[in-house]
Amino acid sequence: MDPLQKKDLENIWHPCSQMKDYENFPPIIIDKGEGIYLYDIHGKHYIDAISSWWVNLFGHNNKRINNALKKQVDSLEHVIFSNFSHKPAIELSEKILEVSPKGLSKIFFGDNGSSAVEISLKLSFQYHKQIGFKNKTKFISLKDGYHGETIGALSVSKTPLYSEIYNEILIQTIEVNSPNCFRCPYLKTRETCNTECFLEMEKTIKENHQDITAVIIEPMVQCASGMKMYPKEYLIKLRELTKLYNINLIADEIAVGFGRTGKFFGVDHANITPDIMCVSKGLTGGYLPLSLVITTNEIYNAFYDDYEKLKSFLHSHSYSGNPLACSVAIETLNIFKEENTLDKLKHKSKYLKNSVENLFKDLDYVGEIRSMGMICAIELVKDKKSKEPFDFKDRIGYKIYKIALENSLILRPLGNVLYFMPPYIITNQQIDEMINIALFSYKKFFK
Ligand SMILES: Cc1ncc(COP(=O)(O)O)c(C=O)c1O
């Protein structure tokens, strides 16, 4: 083990890891990044196929974003955001509203995805209380949904692997089965689907609406549970029904926002406006932690009164609205606009989808290939016909991940789902390089 790795393990507890695994598989120490590549301290390169936990959009060491950051750091690094403001936050707010769904008009700043989710849950609850709906205290969220790991966010996340052990201390929420298009319980295919699975949501809302303050969802793709993709009609129906019963719709765009699904936001596929929208990750192009909770005037106005009425939203984070993070977020939005990113992604995502399908479709353990925009996922199954999953304890994905790493590719599968979610600047040639290493790793494992 390298002395730096040894020192790392002496002091550091890494996220989302069993630290015992590091005995034989110490952390790779990254020294620098360039485009889609990361380089370790020995100069070995790795393709960042997962955009460093889905945050990087325009590559590592992006010159435009670097310059924006350098410029900002020379004038203002941080300032308290209560009673004070600054140009980067003001400019970012204007720019983000330009690309947000119509009707969203007020922005509250957080500093990471989970904090944005916490803010959205508190906002919805307090909003309903202040407009006289005191019974609206419950949240609905979808099975297999993931919204972060703080206690509130984990309460609405329905991925038992992360949340189950904390059940006794989580807030009670209502769980509804999510669309499960690969293993549709109504025996429909993506082509014959008529969103039959929405019936359960409809029934739950109709029976409990007096108590429900909000439904929180990941629009179009449930990312952390294995890139589970579902049709826009589900979102359209959900928007109609939540409106009818005075329930807030919270769109968690933290993973899918900023072009990842091919539209600027996931909700844009359905052309709907949520009451509250959470964004983070790609917001800063993968540079700095920042999140925004974007909401309507209607919600904002329910908090707007004389101080003594105690209606304020008394929520804050020390680094709220950090100017450095805002300045790189502005540059990220500038790149989108000036470089026609969404248009360019149309061709690139088609190339990614076709290339993965050509190479993987007929392999023995490939159950489904699903793709949307710059996300392409391969679900591995024990049996192609019955779709029987591999036991997660076999850690098939993890074993393929280790082979891929040896061969310069960072895959980091979700259980038995391999996926590609690369930075948008990846070239077609690099896409070939990425999926060929994945194919080699798959074949080496199953040989
Ligand atoms: C949909 C979604 N919501 C919330 C979060 C939490 O964000 P963070 O890790 O920044 O707290 C994530 C993180 O992966 C996510 O995918």
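**A ligand site and a helix pair**

Let's start at the ligand, where one of its nitrogen atoms sits 2.6 Å from an N or O atom in the side chain of aspartate 252. Keep in mind as you look around that this is a predicted model. On its own the ligand has 400 Å² of accessible area, and the protein covers 83% of that.

Now widen the view to the surroundings of the ligand. Along with Ser114, Asp252 and Lys281, the residues around the ligand are Trp54, Asn112, Gly113, Tyr146, His147, Gly148, Glu218, Ile254 and Ala255. Sorted by class, this shell holds 4 nonpolar, 5 polar and 3 charged residues.

Next, turn to two helices, H8 (residues 198–208) and H9 (residues 232–244), whose axes lie 11 Å apart at an angle of about 10 degrees. Because of that angle, H8 runs roughly parallel to H9. On the H8 side, the contact is made by Phe198, Met201, Glu202 and Ile205, which meet Tyr234, Lys237, Leu238, Leu241 and Thr242 of H9. Of the residues in this contact, 6 are nonpolar, 1 is polar and 2 are charged.

Technical notes
Residues are numbered from 1 along each chain as its sequence is written. This is a predicted model: local features need pLDDT of at least 70, side-chain atom pairs count only at pLDDT 80 or more; totals for chains, interfaces and linings use all residues. Side-chain values use heavy atoms; hydrogens and water are left out. Axes are lines fitted to C-alpha atoms, for helices over the stretch in contact, and angles run from 0 to 180 degrees between N-to-C directions. Helices (H or I, at least four residues) and strands (E, at least two) are DSSP runs, numbered from the N terminus. Angles under 35 degrees count as roughly parallel, over 145 as roughly antiparallel, 65 to 115 as roughly perpendicular and the rest as oblique. Contact means heavy atoms within 4.5 Å. Ala, Val, Leu, Ile, Met, Phe, Trp, Tyr, Cys and Pro count as nonpolar, Asp, Glu, Lys and Arg as charged, and the others, Gly among them, as polar. A residue is near a molecule or strand if one of its heavy atoms lies within 4 Å of it. A polar contact is a pair of N or O atoms within 3.5 Å; within protein, one must be able to donate a hydrogen and the other to accept it, and residues adjacent in sequence count only if both atoms are side-chain atoms. Accessible areas come from the Shrake-Rupley method with a 1.4 Å probe; for residues, only the protein chains shown count as cover.
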